[in-house]
2 protein chains.
Amino acid sequence: MERQDLIFTNHVAETIDRLVVAMNPSKLFVLVDVNTASFVLPRLQAMSKTVADAEVITVKAGDVNKDLEALASIWRQLGDRGGTRHALIINVGGGVVTDMGAFAAATFKRGIRCLNIPTTLLGAVDASVGGKTGINFNGYKNEVGAFSEADAVIISTTFFNTLPQQELLSGYAEMLKHGLIADKRIYRDLLAYRIAQSDPDHLLRLLEESVKVKNDIVSQDPTEHGIRRALNLGHTIGHAFESLAMKRKSPIPHGYAVAWGLVVELILSHMQLGFPSDELQRFAAYVYDNYGAFEIDCSDYDELLRFMGHDKKNVRAGEINFTLLKDVGDVKIDCTADSEQIKAALDIYRDLMHL
Amino acid sequence: MERQDLIFTNHVAETIDRLVVAMNPSKLFVLVDVNTASFVLPRLQAMSKTVADAEVITVKAGDVNKDLEALASIWRQLGDRGGTRHALIINVGGGVVTDMGAFAAATFKRGIRCLNIPTTLLGAVDASVGGKTGINFNGYKNEVGAFSEADAVIISTTFFNTLPQQELLSGYAEMLKHGLIADKRIYRDLLAYRIAQSDPDHLLRLLEESVKVKNDIVSQDPTEHGIRRALNLGHTIGHAFESLAMKRKSPIPHGYAVAWGLVVELILSHMQLGFPSDELQRFAAYVYDNYGAFEIDCSDYDELLRFMGHDKKNVRAGEINFTLLKDVGDVKIDCTADSEQIKAALDIYRDLMHL
C-alpha cells in the first residue's frame, strides 16, 4: 500500500484541476450519492471544467445502500462508459461514497486510481483516510473490502456549511479522540474551539492536525495488527451504546456514541491506569455540554456487556479488550476489563452525566 | 504485495499439514470445483487430517462460472461457516478456482490468508502465480479483481495423471514460452522432454524452472507496466487464433493457441530482429509434431487483424504491439508490426505448418 497524499485546502476546484492534469487519466469519473449530487456536485461543476466534463455515477445515500448491488452498478458503469485501467475516479461524499468508491477503484480491472473528497466532517477525519474500503454484505458491516489507499485525499471544510450541527458534532467526537491519543496541546486546542461559531479556516487547521494523528498511526500499522488499535479508543463502549440505541429503536449518531464511549473508557483508564481525575471531569463536562447524555440505568448493564462480547475483536478469554490512556497522549493497547469493572465505570458515567 | 512462497513438491499432504500448523488459522476452508471435488479432494482428505477436517466450499467448473454469483457465494459461505479475519482458505483447482478463491481471500473481511494448489499444468505454470486474481463481469474477462499474491503456492505434478493429454500439452505451451524468454539451456531441456512418456519427477523439475522464470519477471514488475509484458510473447497472435476458432464455433485450448501464436511471433522476430532461422524452424517442427496446425488461409487474415485490434492492450497509433525475440533469451518488449508485415508472417506460418 502506497502512502497517499493528504491535501488540506479550501480551494478545492483548483486542486482537482491540478491533480487531474498531472494524473492524465484516459477517462474521468465522479462518484456521488443523491445528497452530494444535489448539494456539492453543482458547485464543483460550476468551478471546475474537469469535473464539468466528467462522467457522473450516482448511488443511493445511506449505509444500508453500501451494498453489493451498488458496487456492481459502479463496476458496470465504469466498464460501459469507457473506463480503462488508466481511468480515474473521484469519490465525492461521506463514508459510504468513499468506502465503496475506493473499493470499486481498487478492484475494477484489478485497480484504477482514485481521489477521495470527503464532504462530511466524520468522513474527513475518519473514513476517507486509512485505506479501509469496502461494502456491507450478508448482514455484516464491511464484510467485503480491501486495504487500499486513495492516490490523494482532498480535505476541505467548505462543504460543511450545509451540514446540520449534529453531523458536525458527530465528526468532532473523532477529532477529540485523536487529541486524547496524541498530546495535550492538540487536545486543549480542540476543547477550546466552539463548534457553534463556525470558522472554516480555523476548523481546517484543527482537522489537519487531527487527520495527521490518525495517518501517522495507520502508516505504522496499515493492517491493524498492533498500534492501530489505539484508534479503537472509545469505540468498545461506543459500539455497545449504538447497539442498545438501535434495539430501543432510537438510533444515535456514531460520533455521539463515541463521545459517550470515550467518557466511560476514560473512567476505566482512571480506575486501571490512574488517568488524571481533573482531565476526566473536564472531558465529561465538555461532552455533557455539547452532546448531552446517553440515558442508561443499571438494568441496561447486562445487555451492554452482551453487545461488547458480540464484537469478537474485543474479547480475550472472557474479558473485554480495551484501548486505555495513562494520560492524554499516553496510550495502552490490549488492556482488559471484567464485567464488574465495566459496571463500576458505568455507575460513575451516570454520576458524571447527571443521570 | 508480499512475495509468495513457491513450494515444488510431490509430497502435497505433508506440505499442507506443515503450512497449516505454522499458519495456525482460526478456521480452515478448502475451495474446490466439481471436478477437483471428485478427483483431487478425496485423495487429499485421505492423506491429510487437516484437509479432512476443513470446511469445503464447492463451485461450478469452467470459466463461464468465474462470475460474481460464484464469488458472492464464496463470501457468504466464508461468513456463515465461521470465517474470521484469521481464517485460511486453500484453493484446489485450475485457474478458475485459484483466480476466484484468491480474490475472495483478498477481499473477505478486507483480506484473509490463502494457499493455492493448482491441479492443472496450465494452472501450475501460469494462473496460480503472479498475483492476478479476479472474476469475469459484465461480459469482460477478469473485469474485476486485484493484484494479490497467495501466502504460498504448492506446485506438484501428482494430480496431472488424471488429466487428458490435451490439457498437459496446453500447459506445456506456456512452459515453452518461458523457455524462449529465459535462456537456451532451459529451452533445450524443454524441447528434449517427451510429454507422452509422463515422468512426474522430471516434469516437476522442468516446471520449477519454468515457474521461476515467470516469477522473476513478475516480481520485477507486479502491476504490468514494463518488463512483465515479456510474458505476452505468443499471445497477441494466439488470442486472435482463439477468437477466430470461437467464431468458427470450434474452440481451441488456450495453450494450443499460444503454441501456434509463438510460431507466428517468432517469424515476426526473425523478420524484424533477425531471430535465428534454424531455431525458428526447429520450434515450428516441434509445434507441428505435438500440436498439429491451426488451419487458416489468406481469406482469414483481415478477420485475424481485426481481432488483434480489438485487444486494446496491443494497439498503438494504428500498429499492433508485440513482444518479440532477438534470440532465445533476448526479449524486446513494445515492438510493433503493421498489417503487411503480419500478413507476410502468416504466409510463412502456413508454409511451416504445411497448410
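**Reading the sheet, the contact and a helix**

Modeller: Happy to! Helix α1 (residues 12-23) of chain A lies across β1, β2, β4 (88-93), β5 (113-118) and β8 (152-155) of chain A, and α1 runs at about 165° to β8(A). Helices (H or I, at least four residues) and strands (E, at least two) are DSSP runs, numbered from the N terminus. Axes are lines fitted to C-alpha atoms, for helices over the stretch in contact, and angles run from 0 to 180 degrees between N-to-C directions. Two residues are in contact if their C-beta atoms, placed from the backbone, lie within 7 Å. This is a predicted model: local features need pLDDT of at least 70, side-chain atom pairs count only at pLDDT 80 or more, and totals for chains, interfaces and linings use all residues. Residues are numbered from 1 along each chain as its sequence is written, while chains are lettered from A and ligands numbered from 1 in the order in which they are written.

Colleague: Which strands of chain A does α6(A) lie across?

Modeller: Helix α6(A) lies across β2, β4 and β5, at about 165° to β4(A).

Colleague: In what order do the 6 strands of the open sheet in chain A come?

Modeller: Two strands pair if DSSP finds at least two bridges between them. Here the order is β1-β8-β5-β4-β2-β3, with parallel pairing. At the edges are β1 (5-8) and β3 (55-59) of chain A, each pairing on one side only. Strand β2 (residues 28-33) of chain A is joined to β3(A) by 5 bridges, and A:F29 has A:E55 as its bridge partner in β3(A).

Colleague: How many residues does each chain bring to the contact?

Modeller: Chain A and chain B bring 23 residues each. On the side of chain A that touches chain B, β7(A) gives the most, with 6 residues.

Colleague: Which residues of α15(B) are buried?

Modeller: A residue is buried if 20 or more other C-beta atoms lie within 10 Å of its own, exposed if 12 or fewer, and partly exposed in between, with C-beta atoms placed from the backbone. In α15(B), the buried ones are B:I342, B:A345, B:L346 and B:Y349. They cover an arc of only 105° around the axis (taken from the directions from the helix axis to the C-beta atoms), so they sit on the same side of α15(B). The face turned away from that buried side carries exposed B:E340, B:D347 and B:D351.

Colleague: What comes just after α15(B)?

Modeller: There, B:H354 takes a positive phi of about 60°.
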